[in-house]
Amino acid sequence: MPNLFHLVLQIAAILMAARVVGFLFQKINQPQVIGEMVAGILLGPSLLGWVAPGVSAALFPPQSLGYLNALSQIGLVVFMFVVGLALDPTELKGYGHAAVLTSHVSIVAPFCLGGLTALYLYPRLSDDGVTFSGFALFMGSAMSITAFPVLARILSERGLVRSRMGTLAIACAAVDDITGWCILAYIVVLVRVTQAGRPAWVTMSGSLLYVLTMIFVVRRFLPAFERAYRKRDRLSDNLVAVIVILLLASALATEWLGIHLLFGAFLMGAIMPKTPDFTRYLLHKFESVIVVLLLPLFFAFTGLRTRIGVGGGSAVWFYSALVIVVAITGKLGGSMLAARLSGMPWRDSAALGVLMNTRGLMELVILNIGLDIGVISPAMFSIMVLMALVTTFMTTPLLEWIYPSRLLQAQVNEIHKNVA
Amino acid sequence: MAVAYLVLVGLPMLGLLGILEAGRNISAALAIGGDWNLEFAADPQCASGSATLRQPALSISQSGREAQITLNDGHATTLPAILNGNVVSAKLLTATVTGKPESRTIEGRISLAGCAPVAFRAVRASPQKRGE
């Protein structure tokens, strides 16, 4: 039986820390979600466990973490559905060569640099239970991810959504997300097949069959939800429950196939009808409970597994700096260069690079998968979490530096004039 | 644009293939992370009765050559350990790692609190799982 007192106490402490740190981060013009991510880290061994080990041990005893993990995983499943829901493939149309080149380079450049860094880090931070190719491909995909939700929120807060740079950033992030998750699914299959001894072709063909069924069979029935919504401007509780059941069934299918729960949840969201008001309605329905309650639990659970600067000495700080520099060079530098070669002005290219460098909580999701399947070690996990925090934190100030508010306002005014 | 695509996407992809090929020759530390059951060669001779280790007796969290061994002794005694080749050294334990990752064993001597050093053999309690 779970110790309910402990669990409720943990949830209360996590929510309080998330709200307070999130509020403080808003005060320094950072998105609240970054503050919540940092709050999770502060509750773990990197701060609370270090300065007050007694309090930490009493609040988060190891045997109680299973329940916290279960709750945070449920939150993540719904969150990935929401991410898929917010992703509109039609956004990719009409951007031509610039989007294709920029998005592909923004994946390939950090991916290759991640692989190159793996040559140095594999013998130092991994072990022979993981193949080099598994480690290198994971490093590459973790370096190349972009936090689509955080990026969209930053663009929206700064009124850049309808600018050329903003729309290109969203299109590129969408391509990055889809490609990144496909690559990650492949890596998970690769690692799990090795561990389970199941032939790779069984998982591969099963996954292909599942994706085709979702796209060509399940998707045909989904417009019925939209039609029901149109009739009353809302969905009945029973229909919302059916959507949740479909989402859970899809998540279970991918878990059973040996990929991961989250891929099924993401795909279910991605194939939902994309009419703006219907999408907005569903997002509103699901988002509040995820954002307020379940994501902070995930951040806290991630924080409890993260040991920034604990043990390892100066070498760990060197590895951290190396990973951060490589991640920024590959993602920011690669995207900026590609955008410039596509004909964008330097300022817009640099801003696009900064936006694509936002890794946010999508990185944390990927890193947790990597740690769960054993492809990265606890030290590598902590280093990559630090990289995710730094690259996400730097986005807003760098964007303000490249695109000061006065210039931004002029561009926004121009957009409004063109629309009018 | 085609040239830019070839240079910025095609060439790095070839480079990645080269990296994966080069990495095949790199070796990493022996994997010892996970939960381990201990078998003692003889009953540990302890000052007050027998040792109180429950199975899985060892939980190892590993990052490269560095590891953290947690004893399942009721106090979760934690020992920082280092792996040199196939030898694991910690404050209360010295052992040798043998076998392939899937059938690996650890054999050596351990000094439990209040007990004389005793020889042990450890086998994996479950498949390697480092995320906990």
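At what angle do helix α16 (residues 346-356) of chain A and helix α19 (residues 395-402) of chain A pack, and how far apart are their axes? The first legend answers this for the predicted model shown above.

**Figure 1. Packing of helices α16(A) and α19(A) in the predicted model.** The two helices meet at an angle of about 175 degrees, and their axes are 9 Å apart. Angles over 145 degrees count as roughly antiparallel, and α16(A) and α19(A) are therefore roughly antiparallel to each other. On the side of α16(A), the contact is formed by R347(A), A350(A), A351(A), V354(A) and L355(A). Helix α19(A) contributes T395(A), L398(A), L399(A) and I402(A) to it. By class, the residues of this contact comprise seven nonpolar, one polar and one charged.

**Figure 2. The contact between chain A and chain B.** Here 34 residues of chain A are in contact with 32 residues of chain B. Five helices of chain A each supply at least two residues to the side that touches chain B: α6 (96-125), α7 (132-144), α15 (313-341), α17 (360-372) and α18 (378-393). Which of them gives the most? Helix α6(A) does, with 16 residues. The side of chain A that touches chain B is made up of 20 nonpolar, 10 polar and four charged residues.

**Figure 3. The largest nonpolar core and the surroundings of L151(A).** The largest nonpolar core holds 175 residues. Within this core, L151(A), A169(A), A265(A), L352(A) and M384(A) touch the most other members. Helix α9 (residues 164-196) of chain A provides the largest share of the core, 17 residues. When neighbours within four places in sequence are left aside, L151(A) is in contact with T146(A), A169(A), A173(A), L355(A) and T358(A). Among these partners, A169(A) is also one of the core residues that touch the most other members, while L355(A) also takes part in the contact of α16(A) with α19(A).

**Figure 4. Helix α13(A), a mostly covered helix.** Helix α13 spans residues 261-270 of chain A, and 10 of its 10 residues are buried. The buried residues are L261(A), L262(A), F263(A), G264(A), A265(A), F266(A), L267(A), M268(A), G269(A) and A270(A). One of them, A265(A), is also listed among the core residues that touch the most other members.

**Figure 5. P273(A) in the loop between α13 and α14.** P273(A) is placed in the loop between α13 and α14 (276-305) of chain A. Not counting residues up to four places away in sequence, P273(A) touches L222(A), P223(A), E226(A) and F278(A). The C-alpha atoms of P273(A) and L85(A) are separated by 8.3 Å, although the two residues are 188 residues apart along the chain.

**Figure 6. T131(A) in the loop between α6 and α7.** T131(A) belongs to the loop between α6 and α7 of chain A. This residue counts as partly exposed, because T131(A) has 19 C-beta neighbours inside 10 Å. Between T131(A) and D277(A), which are 146 residues apart along the chain, the C-alpha separation is 46 Å.

Figure 7. N29(A) is exposed, because 10 other C-beta atoms lie within 10 Å. D233(A), in the loop between α11 (223-232) and α12 (237-257) of chain A, has a positive phi of about 65 degrees although it is not a glycine. D233(A) counts as exposed, because it has 8 C-beta neighbours inside 10 Å. In chain B, the peptide bond from Q55(B) to P56(B) is cis, with omega near -10 degrees.

**Figure 8. Confidence of the predicted model.** The model scores ipTM 0.88 and pTM 0.85. Chain A has a mean pLDDT of 86, with 91% of its residues at 70 or more. Chain B averages a pLDDT of 86, and 92% of its residues score at least 70. In chain A, confidence is lowest in helix α20 (residues 405-419), at a mean of 67, and highest in α11(A), at 93.

How values were computed:
Residues numbered from 1 in each chain as written. Chains lettered and ligands numbered in written order. Predicted model: local features only at pLDDT ≥ 70, side-chain atom pairs only at ≥ 80, totals over all residues. Axes fitted to C-alpha atoms, helices over the stretch in contact; angles between N-to-C directions. Helix = DSSP H or I, 4+ residues; strand = E, 2+ residues; numbered from the N terminus. Parallel < 35°, antiparallel > 145°, perpendicular 65-115°, else oblique. Contact = placed C-beta atoms within 7 Å. Nonpolar A, V, L, I, M, F, W, Y, C, P; charged D, E, K, R; others polar. Buried ≥ 20, exposed ≤ 12 C-beta atoms within 10 Å, placed from the backbone. Core = buried A, V, L, I, M, F, W, Y, C linked by C-beta atoms within 7 Å. pLDDT = per-residue confidence, 0-100.
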